[in-house]
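I opened my notebook to look at charged pairs and at the ligand site. Here is what I looked up, entry by entry.

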Amino acid sequence: MSQQPILVINSGSSSLKIGLFNRENGDERQLVDGLADGIGGPAGTFVLKDARGEVLYSEKINFASQSEALEHAAQLFAKHSPIPIFAIGHRIVHGGPHLLQHQRITGQVLTELKARVHFAPLHIPVSLALIDRASVLYPNVSQFACFDTAFHSSMPEVAARFAIPDSLFQEGIHRYGFHGLSYESIVYQLDRELPEQLVVAHLGNGASLAAIRSGKSADTSMGLTPTGGIPMATRSGDLDPGVILYLQRVKKMNADALESLLNKDSGLKALSGGKSDMRDLQDAADAGDAGAQLAIDVFCFSVRKVVAAYAAVLGGLDMLVFAAGIGEHSVRVRAKVCEGLAFLGVALDSTRNEQNKTVISSTSSKISVRVMSPEEDLQIARHCRALSL
Ligand code: ADP
């Protein structure tokens, strides 16, 4: 067994995932899974688990920033494991138009990333701070950037272009797509079963779909930013641009107010009148809450519409994969999405669906329907290992 652990750093809006991976039998295996949650708030937690999910360490602790949480984790790792870190991998949501491949972080990469902060003003500064802190905590250890947009760099121009002036396209205003590490990991896991025409529905709090032809992205629902595409927990998804103009002119909203409305107060939360979590929505709908039912209906309608559109993009469909929190666990959402896809040849086995089996389509279904777990951090570790060799 090689003893060269890779540290994977994956930051969310108020959380930080920190994983340690090692190489075993030709693939990466997670040794430690760390999560700092509630960052910036009054009820923070920090938990470390081992490879089997057993809690190794748990405490209530408030971190002011993701970088502070990283420093805390680094101190704990150093105390409990004498093995030096071999490489560090960062998940980076957006790298702008010129950083579209996973790569070693150099001075040039940092300069480019700093120049592109406006593409993801809430995310890129956090990533820059984490890279900086990691270089102090682990001097001389190579760091790598893995971009959520990289997988979609294979999209043809016809899918990537917005119908706006070319000068804006030249500035980098086009569809990038996100959840790329999740899609890559599904393609990796399917391995020999990877079909030519695949649609993956990554349905978590953030949700998107990708049309994948022979393992490469052919189209995806998110656009310039992760606010686009289908409605999500608190994000609006695609809107008629006229809505934004109305909000600016009539409601006098500026960019910050719009950013907050469209990212934090829209989507399922807005449709239901306050609930954004699918479990809560399902419970409320069962209790007769019409707003919750509407939110679920709009969500499933939107997913179904994109699946059918992507069957057209791919010229057919061999397999549909449901992934992430809602995709992996909501029997109801999967059933409702597939209900309208019978015309494509999708037929669910309701018992298998209820049991959350890997294959949930019936034996007579023309299209294989599956439930799979994205392995984003593992995918980052794989890239880091390959790039550092
Ligand atoms: P994130 O994008 O934050 O990583 P997740 O992939 O964890 O999100 O997905 C969170 C969503 O998954 C929530 O809406 C949650 O309600 C939903 N979810 C988790 N478990 C279940 C379940 N058993 N049934 C229905 N929805 C579920």
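**Notebook: salt bridges and the ligand shell**

Entry 1. A reminder to myself before I start: this is a predicted model.

Entry 2. I began with the charged side chains. Side chains of opposite charge can pair when their charged atoms come close. I looked up how many such pairs the model holds, and the count is 19 salt bridges.

Entry 3. I picked out Asp377, which forms a salt bridge with Lys17; their closest N and O atoms are 3.3 Å apart. What does this pair tie together? Asp377 sits in helix 15 (residues 376-388) and Lys17 in strand 2 (residues 16-24), so the bridge joins parts that are 360 residues apart in sequence.

Entry 4. I then asked about the two partners: is Asp377 buried or exposed? Asp377 has 9% relative accessibility, and because the cut-off for buried is under 20%, Asp377 counts as buried. Lys17, at 31%, counts as partly exposed.

Entry 5. Next I looked at Arg29, whose side chain meets that of Glu24 in a salt bridge, with 3.0 Å from N to O. Arg29 is partly exposed, at 37% relative accessibility.

Entry 6. Lys269 and Asp265 make another salt bridge, and here the closest N and O atoms are 2.8 Å apart. I noted Lys269 as partly exposed, with a relative accessible area of 25%. Asp265 is partly exposed too, at 38%.

Entry 7. I also found a network: salt bridges link Arg23, Glu28 and Arg385.

Entry 8. I moved on to the ligand. Which residues surround the ligand? I listed Gly204, Asn205, Gly206, Asp277, Met278, Arg279, Gln282, Ala324, Gly325, Ile326, His329 and Ser330. Sorted by class, this shell has 3 nonpolar, 7 polar and 2 charged residues.

Entry 9. For Asn205, a side-chain N or O atom is 2.9 Å from an oxygen of the ligand. Gly325 takes part through its backbone, with an N or O atom 2.9 Å from a ligand oxygen.

Entry 10. How much of the ligand does the protein bury? The ligand taken alone exposes 580 Å², and the protein buries 68% of that. Two elements give two or more residues to the shell, helix 10 (278-286) and helix 12 (324-329). Helix 12 supplies the largest share, 4 residues.

Technical notes: Residues are numbered from 1 along each chain as its sequence is written. This is a predicted model: local features need pLDDT of at least 70, side-chain atom pairs count only at pLDDT 80 or more; totals for chains, interfaces and linings use all residues. Side-chain values use heavy atoms; hydrogens and water are left out. A salt bridge is a side-chain nitrogen of Lys or Arg within 4 Å of a carboxyl oxygen of Asp or Glu. Buried means under 20% relative accessible area, exposed over 50%, partly exposed in between (1.4 Å probe, protein chains only). A residue is near a molecule or strand if one of its heavy atoms lies within 4 Å of it. A polar contact is a pair of N or O atoms within 3.5 Å; within protein, one must be able to donate a hydrogen and the other to accept it, and residues adjacent in sequence count only if both atoms are side-chain atoms. Accessible areas come from the Shrake-Rupley method with a 1.4 Å probe; for residues, only the protein chains shown count as cover. Ala, Val, Leu, Ile, Met, Phe, Trp, Tyr, Cys and Pro count as nonpolar, Asp, Glu, Lys and Arg as charged, and the others, Gly among them, as polar.
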